[in-house]
Amino acid sequence: MTNRLAAGNAALTLKVVGIILLLSFFLEFLIVILPFQPTDPGWQINLATSLVDRGIVPLVGIGMLFAGYWADTVHHSDGPKPIDIRFPILILSSILGLIFLLIFPLHLNNVRQASANSLGQIRQEAQQAENEVNNRLSQFQAQINNEQGKAQLEQLRNQVRSQFTELLKNDQTYQQALNNPQLPAQQKELLKKFKANPSELETFIAQQTDPQAQANQRLTEIRQRREEAEKQARGNAWKSGLRIGVSSLLLSLGYIIIGWTGLRRMKHISVTSEDKYY
């Protein structure tokens, strides 16, 4: 008697938990699809990701429902039989299997398009930045081509040279600069280099006041950032496509096996029962 009561309680618990899992999945599905934008690839990607990430929930719910019906057979209650919803659940499992099967190619195509758009945007922004650098270079070169511009550039070089020279001549000020925790380590290394070889100072000033060299350095930085951004975009697309694609295929396989196998067995049981009846 105790075992039958425990089996009855277990059957009820498993069914309730299974139904709650199914309902929570469909409730979240309704929330995710809003606002409804089926033509937006980004919306499709988010929907596919949400469905696949939560795809195991209804699978567990279906398993608990069938475990509850199995516990009912152990229970052998003499009371009224519970409503049998195994057939619609098997139909639902088959439909979910087809949905997750369709998600695989659709998601890969959407991720491919999104990656292409992202790469195009990255390249466009990098090209705009390069054009801006080249425009500034042209303007600056036009300014320094006249006598006034050349005089201003030479004045700037003399000011920089004077500042570093005064600093390097005064050992006390030089040591204070090296011991200053707020001074970047790169600048400290430059000071040491200038102190050891004064000709390095002239090379540094020439490079820092050469518009073409500065433009080339800026262009190199822009291209490096573009390559890093492209690499990251490709990596994210590959990871998303692989994770969601493989997971959707596995979920599709699980739902289809449960749904189609269960429907065939129920059909076989139904036909066997009719044969016995006749």
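This report covers the salt bridges of a predicted model.

## Basis

Local features need pLDDT of at least 70, side-chain atom pairs count only at pLDDT 80 or more, and totals for chains, interfaces and linings use all residues. Residues are numbered from 1 along each chain as its sequence is written, and side-chain values use heavy atoms, with hydrogens and water left out.

## Salt bridges

The structure holds 7 salt bridges (a side-chain nitrogen of Lys or Arg within 4 Å of a carboxyl oxygen of Asp or Glu). Side chains of opposite charge can pair when their charged atoms come close.

## Arg-54 and Glu-28

Arg-54 pairs with Glu-28; their closest N and O atoms are 2.6 Å apart. Arg-54 sits in the loop between helix H2 (41-53) and helix H3 (56-75), and Glu-28 in helix H1 (residues 2-32), so the pair ties together parts 26 residues apart in sequence. Helices are DSSP runs (H or I, at least four residues), numbered from the N terminus.

Arg-54 is partly exposed at 27% relative accessible area. Glu-28 is partly exposed too, at 30%. Buried means under 20%, exposed over 50%, partly exposed in between (1.4 Å probe, protein chains only).

## Glu-130 and Arg-223

Glu-130 and Arg-223 form a salt bridge at 3.2 Å, N to O. The pair links distant parts of the chain, 93 residues apart: Glu-130 is in helix H4 (residues 86-144), Arg-223 in helix H9 (residues 211-277). Glu-130 is buried at 9% relative accessibility. Arg-223 is partly exposed at 38%.

## Within helix H9

Arg-226 meets Glu-230 in a salt bridge at 3.9 Å, N to O. They are 4 residues apart in helix H9, so about one helical turn separates them. Glu-230 is buried at 9%. Salt bridges that share partners join Arg-123, Arg-226, Glu-230 and Arg-234 into one network.

Terms used:
Helix = DSSP H or I, 4+ residues; strand = E, 2+ residues; numbered from the N terminus.
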